[in-house]
Amino acid sequence: MNSDSKVTTSPLSSMSTPTDPDFKQQIQAICGENVMSCYQCGECTAGCPAAFSMDIAPNQVLRLAQAGFKDDVLTSSAIWLCAGCETCATRCPRGVALSKVMDACRQISVAEGKVAKDQRNVLKMHEEMLRQIQTFGRVHEISMIAAFKMRTGRFFDDVFAGIQMFLKGKLGLIPSVIKGRKEVKELFDKQ
Amino acid sequence: MTSSSGEWRKRTQSAPLFEKGLETKRPSHWEEAWIQTPLSLRERVGVRVKNKDYRMNYAYFPGCSLESTAKEFHNSTTLVASALGIELAEIPDWNCCGATSAHNLDHELSISLPARNLGIAERMGMDVIAPCAACYNRMRSAEVELKVNRALRDDINSKLEKKFTGAITVKSALEVFTQPEVLAAVSEHIRKPLTGLKPACYYGCLLVRPPKVMGFDDAEDPKSLDEAMKTVGAEPIDWYFKIECCGASFGISKSEIVAKLVGDIISNAKAHGANCIVTACPLCMTNLEMRQAAASKLRGEDLSMPIFFFTELLGLALEAPGIKKCFASHLIDVNPALDLIGKEPVADGAAV
């Protein structure tokens with residue numbers, strides 16, 4: 001059958017053992033979504049615009065989470081390639097907001113240091129963005145992209161587009177800094 | 001003024017959650033200031049609509065994109081608003097909403113960052129208008145969560161100078177400009193109908209999803225933008241990708257994914273006969289403009305397509321003063337589409 005080839009390439013078949021039966025509770029504690037509601041209809045995968053680039057399909061993320069295959073979810077590229085467009089959450093017949101589950105998995109993955117190697121760029125970009133907000137209160141594109149390039153070594157990506165945007169006056173050199181920076185910084189501090 | 005603001009605070013603190021109809025009770029000093037402005041000055045600011053049967057004022061949240069990469073969205077929104085007599089007062093000292101990064105990495109931060117802006121706006125006593133679809137989505141999500149989750153609200157409010165109690169709501173520019181009374185005013189004051197323009201109305205993901213939170217338009221087949229385009233005389237096409245995602249924040253970190261998605265979107269718009277794409281989201285605009293070349297290469301077809309913000313086209317139809325300056329900062333030349341406007345009768349041979 002054709003679907004067999006799909007299964008053998010997915011980590012589902014190369015799985016060792018479930019690593020954490022409490023994974024679903026951990027997800028629920030963070031985002032409030034019950035992954036056990038999912039009955040694997042596959043609507044999320046069918047509508048997902050980024051599914052083509054993922055190593056495991058969105059519905060498989062839910063299935064793995066149900067069965068406690070924690071490491072396989074946390075080290076997957078799928079959780080980082082979700083664009084958060086909420087198509088899955090809108091269409092799920094069981095009302096599972098997979099986009100929120102993905103957020104929770106990302107947070108657990110960062111906390112446990114299990115981010116997939118080839119997806120660290122996504123994490124670095126998000127971190128730089130948050131650092132911008134923490135320092136200035138707003139995002140300053142030029143310094144964010146410069147910092148991102150410094151951290152990833154991808155210096156020459158989109159240089160032309162960047163110059164074009166700069167010439168159109170779309171990238172300001174001076175960051176706009178807010179007065180309430182202290183207040184914003186406090187929001188970042190966790191007690 | 002001091003007594004009225006005290007009263008206002010008392011009222012907002014006792015206001016039941018999700019209560020509608022607060023608009024009528026708002027303190028009206030912004031409105032009064034506007035009314036006191038001499039008519040000649042108001043004309044100069046570009047007010048086209050007189051004797052309008054609505055009074056609207058909003059706390060304006062531009063967001064980081066509208067300050068930089070999408071400054072034409074900021075300019076056109078303010079121009080159209082002033083042409084329609086909708087008053088916008090920028091939220092003083094606003095901060096970034098946290099965008100995708102905050103809700104990917106820290107749930108509480110994705111609520112608390114918008115909460116600060118909501119607190120300031122609530123003190124202004126006005127509903128928030130957030131033109132950027134991502135800001136709108138984040139602020140609306142935060143608003144709904146803060147209204148429902150009291151414990152979280154108290155916790156976040158304890159860190160904030162200006163507290164959010166749940167008396168105001170967040171609207172997108174699309175929601176504000178497509179209200180029936182506003183569209184009626186638009187159709188009355190059109191100076192240049194956009195006949196000949198066949199836009200593909202592209203909503204993207206964040207404007208209408210998730211429907212439980214956004215509560216605006218249809219999540220699978222939204223029509224508000226199409227309505228607005230019909231009002232100004234354009235003929236929006238029927239196509240399949242109006243709510244598909246453009247890849248959003250992957251524009252920087254995963255540009256190959258964005259190129260594929262952009263290719264799908266523009267190719268489908270072209271196949272259905274569109275001569276431009278209209279959007280209400282700065283992320284969609286940046287991706288659709290920046291990745292056009294890469295998408296063309298990827299699909300092996302010519303995918304050059306002018307992209308507009310819907311406010312630019314509204315402004316063009318109303319001939320809001322200064323609207324044409326917005327087109328200069330587009331990365332993709334929009335003149336091929338602008339040249340088509342009003343050209344159809346010539347093609348028939350009826351006009352000379």
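## Helix packing in chain B

In chain B, the axes of helix α11 (residues 180-188) and helix α13 (residues 224-231) approach within 9 Å, with a crossing angle of roughly 25°. Because angles under 35 degrees count as roughly parallel, α11(B) is classed as roughly parallel to α13(B). The crossing of α11(B) past α13(B) is right-handed. These values come from a predicted model.

On the α11(B) side, the contact is made by Leu183(B), Val186(B) and Ser187(B); α13(B) contributes Glu227(B), Ala228(B) and Thr231(B). By class, the residues of this contact comprise three nonpolar, two polar and one charged.

## The four-stranded sheet of chain B

Chain B contains an open sheet of four strands, arranged in the order β2-β1-β3-β4, with parallel pairing. The edge positions are held by β2 (87-90) and β4 (170-171) of chain B. Each of these has a single partner strand, so one side of each is left without a neighbour in the sheet.

The pairing of strand β1 (residues 57-60) of chain B with β2(B) is parallel and comprises four bridges. Within this pairing, Asn57(B) lies opposite Glu87(B) of β2(B). In general, the strands of a sheet pair through backbone hydrogen bonds, in either a parallel or an antiparallel sense.

## The β5-β6 pair of chain B

Strand β5 (residues 199-202) of chain B pairs with strand β6 (residues 276-279) of chain B in the parallel sense, over four bridges. The bridge partner of Pro199(B) in β6(B) is Cys276(B).

## The contact between chains A and B

The contact between the chains draws 49 residues from chain A and 43 residues from chain B. On the side of chain A that touches chain B, at least two residues each are supplied by α2 (23-31), α7 (87-91), α8 (98-111), α9 (120-136), α10 (141-152), α11 (159-167) and α12 (181-188) of chain A. The largest share of this side, seven residues, comes from α9(A).

In terms of residue class, the side of chain A that touches chain B has 24 nonpolar, 13 polar and twelve charged residues.

Definitions and conventions. Residues numbered from 1 in each chain as written. Chains lettered and ligands numbered in written order. Predicted model: local features only at pLDDT ≥ 70, side-chain atom pairs only at ≥ 80, totals over all residues. Pairing = 2+ DSSP bridges. Axes fitted to C-alpha atoms, helices over the stretch in contact; angles between N-to-C directions. Parallel < 35°, antiparallel > 145°, perpendicular 65-115°, else oblique. Left-handed = near helix turned anticlockwise from the far one by under 90°. Contact = placed C-beta atoms within 7 Å. Nonpolar A, V, L, I, M, F, W, Y, C, P; charged D, E, K, R; others polar.
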